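Here are my notes on the model below, as numbered points. Please read them alongside the structure.

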Amino acid sequence: MSRINYDLRKIKAIAFDVDGVLSPSTVPMSADGIPMRMANLKDGYAMQLAVKSGLRLAIITGADVPSITGRFGVIGVQDIYMGVADKLPVFQHWLTQSGLTPDEVAYAGDDIPDLPVLRVCGLGVAPRDAAPEVKAVAKFITSANGGYGVAREILEEVMRAKGLWLAEDKAYAW
């Protein structure tokens, strides 16, 4: 039984913000002022398994650095949108391009720029340490803080509901 009050079997795709969701909100800065994002390995494992199992994953972020494409591209994330100031038009374009409807998509975001997408997607998800306004709109708040297993928590719940979590031999290898 899922802790999420949504029919997770409908979910075909999940989109993620990066900063505050897939990496912590507080990150070290390089000498030239570029945030040096961390990546959670358990999130990475769940993301690559989700892709292998047929779920479509996307990144929609305001950040625009090569490390994002490097990290998430290598684990199979199909759609990566960076430097996005207004996320809703990009999200809507992604839905159309992917042949998805909003109720088939979960979106994980943590701050004010994520609110428009959280309001229209089927399953809005917020990390435990998200902004209060975001948590008020989200249908599910993870037990994890941003950067510490948010993707793993969502993906595991969705994949369990669909009978995909650890269902095949491919689950035991990267």
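1. In what order do the elements of the chain run from the N terminus on? They run β-α-β-α-β-α-β-α-β-α-β-α, and the secondary structure comes to 6 helices and 6 strands. Helices (H or I, at least four residues) and strands (E, at least two) are DSSP runs, numbered from the N terminus.

2. This is a predicted model, in which local features need pLDDT of at least 70 and side-chain atom pairs count only at pLDDT 80 or more, while totals for chains, interfaces and linings use all residues. Residues are numbered from 1 along each chain as its sequence is written, and side-chain values use heavy atoms, with hydrogens and water left out.

3. Along its principal axes the C-alpha trace spans about 45 × 35 × 30 Å.

4. Buried residues (under 20% relative accessible area, 1.4 Å probe, protein chains only) make up 49% of the 174 residues. Of the contacts (heavy atoms within 4.5 Å) between residues at least 6 apart in sequence, 55% join residues at least 24 apart.

5. Helix α1 (residues 41–52) and helix α6 (residues 150–161) have axes that come within 7 Å and cross at roughly 35°. Axes are lines fitted to C-alpha atoms over the stretch in contact, with angles from 0 to 180 degrees between N-to-C directions.

6. Residues of α1 that meet α6 include Tyr45, Met47 and Leu49; among their counterparts in α6 are Val150, Leu155 and Met159.

Definitions and conventions: Buried means under 20% relative accessible area, exposed over 50%, partly exposed in between (1.4 Å probe, protein chains only).
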